[in-house]
Amino acid sequence: MTGTKEILQTGQGLADHDNYHEYCRLLGRFKVNYQLSELVNVEGYSDWIRLVAEFTLKSLQSWQWASSSVYYLLGLWSRLVTSVPYLKSDMPSLLDEFVPKITEGFITSRFDCVQAILPDDLSEDPLDNVELLQDQLDNFPYICRFQYESSSLYIIKLLEPILQTYTEGVRLPISGDNDDLSIIEGQLAWLVHIIASIIKFKPSTSSSSEPQEIIDAELAARVFQLLQITDTGSHVQRYSQISKQRLDRAILTFFQHFRKSYVGDQAMHSSKQLYSRLSELLGLQDHLMVLNVIVGKIATNLKCYTQSEDVIEHTLALFLELASGYMTGKLLLKLDTVKYIIGHHTRDHFPFLEEYKCSRSRTTFYYTLGWLIFMEDSPVKFKASVEPLRQVLISLESTPDTAFRTDAVKYALIGLMRDLRGIAMATNSRRTYGLLFDWLYPSHMPLLLKAVAHWTDTPEVTTPLLKFMAEFVLNKLQRLTFDSSSPNGILLFREVSKLIVAYGTRVLSLPTPADIYTYKYKGIWISLTILTRALAGNYVNFGVFELYGDRALADALDVALKLTLSIPLADIMAFRKLTRSYFALLEVLCNSHINVIVNLDTSTFAHIVGSLESGLKSLDSSISTQCASAVDNLAAFYFNNITVGEAPTLPAAVNLAQHIAECPRLFPEILKTLFEIVLFEDCANQWSISRPMLSLILINEQVTLQL
């Protein structure tokens, strides 16, 4: 403490940024290593805490220079104030004197940064740096709640005049020079973020929660008041302004934290003081009324923002949070605004659906709508809700081949596939999946093949199409469980086979592009994922295909192997998603379709087994586990059919014996690699890695003794 005090008194070395940062880290560790009761009893504590407070205030004012260091100082103060209830010492902590100054200094410095940044648009605004914003606001609520009444009065005193000015701005004519309004929006955004962070950390002790709840209500009421102004008058023309977008993102963050603390049955019963005060101030009597306000803002953002991806993504993330919560999801269905959204999800009502750069958000939008639609579990309501999508499907199906390579068709396909993927993601039960399956199959499935036939060379179309199919065939939560007399599992796999064959044969014939990952490898790894999920989904009896002479399985596997062999092993190992899909497929093939692997020619078989050895060395434990499982299945098959059996009679066993005879070092090399990994490396999945060792030892006893 004496050493740090001397540095604070002299300022020695603090002009160097690295020294300054490390010194802040050192101060931040004080409370981690010592209790407050120990600190206050040290001689010179009062001078030390005063100097640290002055240093913190200077750091807050130098926000551009010390932005990443302030986190450690705020961490120190938050840990100090949270220790006060446990302080048994007679010595004063002096925190009552300094903490309010830190609170005010932090808020004032945020205001200063708004005014400093505006003239220079090139410098990064702290409001745009989500991680830094989170770091700074994580510790602030503890400091603020230490003397919550005075802190809240200071925030309200700052907020009231700005809110008044912003309200008056509603009536102002729209002019080109809106710097003053942008500064006000920036200051409001900071205050809303600060209020959101305070409400996020709701006190758990009942003795302190009631008076603090009333203060929470006072602060929250100001944000709800602001909400009544933001989308009225001249402010409706400001959606393209960055400052307005920052303010709306701050409001969405406030909603997220308020929902977690004060919305829901349990929160409603334990938060009577807050809702009582909100009812007096704004007439918001319960959480259903608050939800109505939140959903109203969500609908406004989705209608009015067409250019800002960040605001749309943030809005949809909040909407999904509300819809996927069991309690809040049920409450949403009671609201007229939600019923309107479910019934009018077209580009006429929500223009962002027409913007190509927001097309990724469509999946989240329809995922959320799917949650709400399937919550009611009504086939009639489902069909009524997806009617706009059916119209798009019919329109595309009726488009002649000659007109299928137009931009209008391209963007319609991209949007439709993202929408369908969102709805497929929302089907979490056998019943809801059945509704979607019966709606799509068989009438609308040919459109997928038609799209692949015309747009194979355009990854903007094929990627969302293949990703939809990958979601559609995924048997999560056992949703793909058909009746014992139903052929739907087989029929679905036939569609998968047609799609993989159609895409695979065409993509193999395309010339090598400059951006090989985007134009070739990405589509291939999604195709391999589709096949893997279909093979491992446990909803198809694959013996039926060979029994009845159906080529669906054989063709799909043939094309999949051609796709994998068309990519050099170095490239497979270089692209993480491609690596995962490749080894996931090999694991499924070695587990359930080993004949496919062993019936290949010897050089191809050796290449695939060699790639498994490369996968075992992967730093990704999931990949090495898959490879170990594949090797274990191959070695066990060899042991059961060749080592302990009589002369092999099965064609697959004969082929495997021939491969190993021609490449006798294949299995021993893998065994050697496994020993090296288990003995010399610190691997997290040692049990999985060591599993194939027994099988390999049993089929290579002589080699094992030499090792």
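Let's start with the holes inside: searching the whole structure turns up 2 cavities of 30 Å³ or more. A cavity here is a set of points, on a 1 Å grid over the protein atoms alone, where a 1.4 Å probe fits but cannot get out, and its lining residues have an atom within 4 Å of a point. Its volume is the space filled by probe spheres set on the points, which are joined across faces, edges and corners. Keep in mind that this is a predicted model, where local features need pLDDT of at least 70 and side-chain atom pairs count only at pLDDT 80 or more, while totals for chains, interfaces and linings use all residues. Residues are numbered from 1 along each chain as its sequence is written, and side-chain values use heavy atoms, with hydrogens and water left out.

**Stop 1: the largest cavity.** Select Leu393, Met417, Leu420, Leu440, His444, Met445, Leu447, Leu448 and Phe468. They line a space of about 40 Å³. Color them by class and you get 8 nonpolar, 1 polar and no charged. (Ala, Val, Leu, Ile, Met, Phe, Trp, Tyr, Cys and Pro count as nonpolar, Asp, Glu, Lys and Arg as charged, and the others, Gly among them, as polar.) Now show helix H21 (407-426) and helix H23 (446-455), which each supply at least two of the lining residues. Helices are DSSP runs of H or I with at least four residues, strands are E runs of at least two, and both are numbered from the N terminus.

**Stop 2: the second largest cavity.** This one holds about 30 Å³. Its lining includes Thr456, Asp457, Tyr503 and Gly523. Helix H24 (459-472) and helix H26 (516-536) each give two or more residues to that lining. The classes here are 3 nonpolar, 6 polar and 1 charged.

**Stop 3: helix H35.** Jump to residues 666-680.

**Last stop: zoom out.** Of its 707 residues, 53% are buried.

Methods:
The expected span of a helix is 1.5 Å times one less than its number of residues. On a 1 Å grid over the protein atoms alone, a cavity is a set of points where a 1.4 Å probe fits but cannot get out, and a pocket is an open set with protein on both sides within 12 Å along at least five of seven lines; lining residues have an atom within 4 Å of a point. Buried means under 20% relative accessible area, exposed over 50%, partly exposed in between (1.4 Å probe, protein chains only).
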